[in-house]
Amino acid sequence: MSTTLDRAQAFCARYGLQVPILLAPMAGASAPSLSIAVANAGGLASCGALLMQPAAIKAWATEVRAASNGGFNLNLWIPDPPPDRDPEAEDAVRAFLRSWGPDVAREAGDVSPPDFAAQCEAMLEAGPTIISSIMGLYPPAFVERMKARGIKWFANATTVAEAKAAEAAGADVIVAQGMEAGGHRGAFDASKAQTELVGLFALLPAIVDAVKVPVVATGGIADARGVAAALMLGASAAQVGTGFLRCPEAKLAPAWADAIGRTLPEQTLVTRAFSGRPGRTIATAYARAAAAADAPNPAPYPVQRGLSQAMRDAGTKNNDIDRMQAWSGQSARLAMAKPAGDVVRELWGGAQALLRG
């Protein structure tokens with residue numbers, strides 16, 4: 001057990017943490033208040049910057065740095081190739097969505113993400129301790145610039161092959177994402193995100209054995225038992241997402257936070273129906289209907305995200321869980337409705353007690 005705890009303590013010392021608990025970078029659920037609370041309890045603050053313009057990235061960093069210990073992680077998706085558009089198929093999606101929200105204009109699918117290169121520049125200017133990636137690997141030139149500034153690269157991987165590729169590309173840490181994780185699957189190849197579904201207890205030790213850099217475990221960890229199990233399987237730290245979403249600092253819509261607290265593992269599913277990219281959500285009425293045999297195939301990312309935007313906005317406005325993008329991991333019911341600092345302390349205090357017997 002001392003080796004397990006020593007490994008976690010060494011990781012903390014290297015990355016300026018007091019406890020080996022990392023807040024998952026969740027695009028659309030990265031309230032600065034949540035990161036500040038986690039950081040001030042000794043964990044790692046994180047921001048999912050996917051949908052943020054450069055100015056918003058820098059503003060988030062300024063706010064978190066001013067109110068915490070100053071260390072944080074900024075995360076971006078590696079962009080997919082431009083989507084193949086099919087107007088007829090998109091019309092079928094629009095007709096389906098008409099039953100769930102306002103009419104959807106054809107041009108709603110004409111969305112594009114923020115400029116990736118500009119976002120990367122903003123991250124460098126913000127000067128985080130860590131920059132993380134998901135859905136692929138940063139270009140070599142950007143990795144070189146990160147390292148020149150002393151910024152560490154945490155690369156998300158959903159398979160052993162992805163982990164090895166990330167290590168070869170210069171990643172300092174691998175974040176092993178089990179299929180239990182809420183939100184988008186981090187597969188490098190979107191076409192494999194729903195077929196290469198590996199649980200964390202199988203994935204984590206396989207990645208630990210395959211790479212020489214430290215490994216962080218994520219996916220389905222929401223209590224002290226999960227943290228302890230991850231460390232026993234070779235992880236140096238645990239990353240928690242859904243487990244923090246019931247905290248008041250997360251500022252989640254009440255219907256979503258309440259649903260997380262009562263969702264059993266089998267009451268989640270992986271769907272493309274919100275964004276076009278596979279992600280794990282609470283099995284809401286919309287998510288179940290979109291999975292039915294007679295439902296249209298979702299459009300690719302980010303077209304589907306644009307088409308479903310009006311429905312999702314209406315769901316949030318009306319606090320209607322069945323129309324929200326209610327991402328959730330399989331351990332949702334373990335999430336605690338407590339201040340985030342208390343959650344951090346319970347996660348690590350309980351894990352240490354378990355590991356010490």
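## Basis of the model

Helices (H or I, at least four residues) and strands (E, at least two) are DSSP runs, numbered from the N terminus. This is a predicted model: local features need pLDDT of at least 70, side-chain atom pairs count only at pLDDT 80 or more, and totals for chains, interfaces and linings use all residues. Residues are numbered from 1 along each chain as its sequence is written, and side-chain values use heavy atoms, with hydrogens and water left out.

## W348 in helix 13

W348 sits in helix 13 (residues 340-356). Its relative accessibility is 8%, so W348 counts as buried. Here buried means under 20% relative accessible area, exposed means over 50%, and partly exposed lies in between (1.4 Å probe, protein chains only).

What does W348 touch, not counting residues up to four places away in sequence? The list is L5, A8, V19, P20, I21, V227 and L231. Contact means heavy atoms within 4.5 Å. V19 is 329 residues from W348 in sequence, yet their C-alpha atoms are 6.8 Å apart in space.

## Helix 4 and its buried face

Helix 4 covers residues 87-97, and its buried residues are E90, V93, R94, F96 and L97. Seen down the axis of helix 4, these residues fall within an arc of 160°, so they line one face of the helix. The arc is that of the directions from the helix axis to the C-beta atoms. The buried residues of helix 4 pack against helix 11 (285-290) and helix 12 (303-317).

## Salt bridges

The structure holds 13 salt bridges. A salt bridge is a side-chain nitrogen of Lys or Arg within 4 Å of a carboxyl oxygen of Asp or Glu. In one of them, R94 pairs with D91, and the closest N and O atoms are 2.8 Å apart. Both residues lie in helix 4, three residues apart, about one turn of the helix. R94 has 15% relative accessibility and therefore counts as buried. D91, with a relative accessible area of 22%, is partly exposed.

D91 also forms a salt bridge with R106, with the closest N and O atoms 2.3 Å apart. This pair links distant parts of the chain: D91 is in helix 4, and R106 is in the loop between helix 4 and helix 5 (116-126), 15 residues apart. R106 is exposed, with a relative accessible area of 52%.

The side chains of E346 and K338 meet in a salt bridge of 2.5 Å, N to O. Are these two partners buried, partly exposed or exposed? E346 is partly exposed, with a relative accessible area of 36%. K338 is partly exposed at 31% relative accessibility. Elsewhere, salt bridges that share partners join R85, E90 and D110 into one network.

K338 is also a contact of E249. E249 lies in the loop between strand 9 (237-240) and helix 10 (254-262). At 18% relative accessibility, E249 counts as buried. Leaving out residues up to four places away in sequence, E249 touches A31, S33, L34, A37, K338, P339 and A340. E249 and K338 are 89 residues apart along the chain, and their C-alpha atoms are separated by 9.2 Å.

## Helix 6: two sides

Helix 6 (residues 140-148) has F142, V143 and M146 buried. These residues cover an arc of only 100° around the axis, which puts them on the same side of helix 6. The cover over the buried residues of helix 6 includes helix 5, strand 4 (130-134) and strand 5 (152-157).

Which exposed residues does the face of helix 6 turned away from its buried side carry? They are P140, A141, E144 and A148. Just after helix 6, G150 takes a positive phi of about 80°.

## Helix 7 against helix 8

Two packed helices are described by the angle between their axes and the distance between the axes. For helix 7 (residues 160-168) and helix 8 (residues 200-210), the axes come within 9 Å and cross at roughly 35°. Axes are lines fitted to C-alpha atoms, for helices over the stretch in contact, and angles run from 0 to 180 degrees between N-to-C directions. The crossing of helix 7 and helix 8 is right-handed. That term applies if the near helix is turned clockwise from the far one by less than a right angle, and left-handed applies if anticlockwise.

Helix 7 makes the contact with V160, A163, K164 and E167, and helix 8 with L203, A206, I207 and A210. The residues of this contact divide into six nonpolar, no polar and two charged. Ala, Val, Leu, Ile, Met, Phe, Trp, Tyr, Cys and Pro count as nonpolar, Asp, Glu, Lys and Arg as charged, and the others, Gly among them, as polar.
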